[in-house]
Amino acid sequence: MLYDPERFEPLTETPWREARVRDGIAEIVADADEAFDDDGLWPAAEWDSWQTPVPLKSLYVGASGVLWALDVLRRRGHAEPRLDLARAARRTYELWHETPDLMRDIELPEPATSGLLSGGGGLLTVLWRLDPSDEIADELYARVRENRDNAADEIMWGSPGTMLAARAMLGWTGDKRWADAWRESAAALLARRQPDGLWANRLYGEVVARRLTPPHGLVGNVQALLDGGELLGAETRASLVDDTKAALERTAVWEDGLASWPTGEKRPLEGSDGEIRLQWCAGAPGIVCSAASYVDEELLLAGAGTIWQAGPHGPGKGGCICHGTAGNGYAFLKVFERTGDERCSCGRDGLRCTRSSRCEERARSEAAAATRCGRATWVSRSMPPTACTRRRATRSSRPGRSPKGDSC
Ligand SMILES: [Zn+2]
């Protein structure tokens with residue numbers, strides 16, 4: 001079994017309508033404007049703030065993710081937030097300096113304050129984008145360089161994440177020091193790469209696995225390296241792609257012409273809690289999103305087919321990017337980018353929305369709640385799948401960041 005059908009909802013015949021989506025975006029942005037508070041930023045859901053000081057400020061589940069999303073929507077002409085985004089980003093930065101939102105009572109990869117998704121790297125990138133200054137650029141530059149040897153070797157905490165920040169800064173500024181910082185981290189990351197192309201991801205106090213997933217493993221690291229473009233030598237690029245293709249072929253789990261992946265090499269699809277995950281942070285959606293440009297096409301379509309057949313996530317996961325329907329939908333856009341197959345995009349006859357009506361209603365109410373909870377779940381077409389929400393009422397533990405190494 002590649003996924004548990006009980007956890008997903010069936011597709012319907014309701015066609016995708018652009019106007020409905022635009023109305024939904026406007027409604028959510030208005031709610032985000034209304035919900036922002038200078039001291040509380042956006043309130044956090046209990047699970048998102050597990051063992052973490054609030055307000056949440058990170059790119060992953062905090063105010064920086066919301067601000068990034070609002071800015072991208074604005075730049076692309078999809079929304080006109082009333083909120084002063086630059087001011088809100090400065091306030092987020094002030095609060096981060098007072099109390100970084102780092103989890104307590106768990107060993108974090110050092111330097112924990114530098115990471116892209118959970119540390120200051122992403123927060124500074126968003127702040128620079130909204131309110132550029134030499135001071136912030138210098139601070140981000142220092143974070144990127146000090147993160148070079150972070151042992152996590154993944155996007156969330158490690159150097160692949162801060163390489164994405166450096167690459168973005170190079171593109172925005174043209175300042176060559178960002179190219180140098182990127183190369184420095186890339187060289188160190190490649191030196192730690194194992195002979196078969198995977199990395200040992202040291203997270204939360206122990207070597208958890210040689211992971212495959214975008215947030216914590218192979219395809220995320222490869223994406224960060226390929227994102228360097230000409231900064232990465234042609235020979236290195238070619239061998240990186242070849243090795244990663246081979247790794248994804250040997251780790252794929254096939255069933256009736258469909259495919260998915262475990263979170264790590266030599267692991268079952270089931271997590272230690274028995275759940276089979278099919279989401280951006282674990283399973284086919286994240287692999288398809290990250291490896292769509294180079295993985296074998298038959299395998300790519302088999303992975304996409306699994307996501308399509310499963311349908312939208314049920315209430316246990318909801319609409320978020322990291323482990324909900326938005327992240328799964330993103331995979332279709334990446335396949336469309338590779339193949340041009342219109343079945344993978346929305347907005348044409350014959351293609352049906354990946355959300356059922358019930359799911360959409362719930363997503364709208366969730367999204368409205370999300371903006372009150374410091375989340376950026378509703379912009380999957382407008383930003384990379386980084387920020388996320390976790391729709392869980394209560395949990396006694398948080399497997400996504402636990403030493404056991406399961407995903408969210
Ligand atoms: Zn997740």
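**Close-up 1. Packing of helix α2 against helix α4 in the predicted model.** Helix α2 spans residues 63-75, and helix α4 spans residues 120-130. The two pack at an angle of about 35°, and their axes are 9 Å apart. Their crossing is left-handed. From α2, the contact draws on Ser 64, Leu 67, Trp 68 and Asp 71. These meet Gly 122, Leu 123, Val 126, Arg 129 and Leu 130 of α4. By class, five residues of this contact are nonpolar, two are polar and two are charged.

**Close-up 2. Packing of helix α6 against helix α8.** Helix α6 covers residues 159-173 and helix α8 covers residues 218-226. An angle of about 30° separates their directions, with the axes 9 Å apart. Angles under 35 degrees count as roughly parallel, so α6 and α8 are roughly parallel to each other. The crossing of α6 and α8 is left-handed. Pro 160, Met 163 and Leu 164 form the α6 side of the contact. Gly 220, Asn 221 and Ala 224 form the α8 side. Four of the contact residues are nonpolar and two are polar; none is charged.

**Close-up 3. The largest nonpolar core.** This core holds 101 residues. Seven members touch the most other members: Leu 67, Leu 70, Leu 127, Leu 140, Ala 166, Val 288 and Ala 304. Leu 67 also takes part in the contact of α2 with α4.

**Close-up 4. Surroundings of Ala 304.** Neighbours within four places in sequence are left aside here. Beyond them, Ala 304 is in contact with Val 288, Ala 331, Phe 332, Val 335 and Cys 344. Val 288, like Ala 304, is among the core residues that touch the most other members.

Technical notes
Residues numbered from 1 in each chain as written. Predicted model: local features only at pLDDT ≥ 70, side-chain atom pairs only at ≥ 80, totals over all residues. Axes fitted to C-alpha atoms, helices over the stretch in contact; angles between N-to-C directions. Helix = DSSP H or I, 4+ residues; strand = E, 2+ residues; numbered from the N terminus. Left-handed = near helix turned anticlockwise from the far one by under 90°. Contact = placed C-beta atoms within 7 Å. Nonpolar A, V, L, I, M, F, W, Y, C, P; charged D, E, K, R; others polar. Parallel < 35°, antiparallel > 145°, perpendicular 65-115°, else oblique. Core = buried A, V, L, I, M, F, W, Y, C linked by C-beta atoms within 7 Å. Buried ≥ 20, exposed ≤ 12 C-beta atoms within 10 Å, placed from the backbone.
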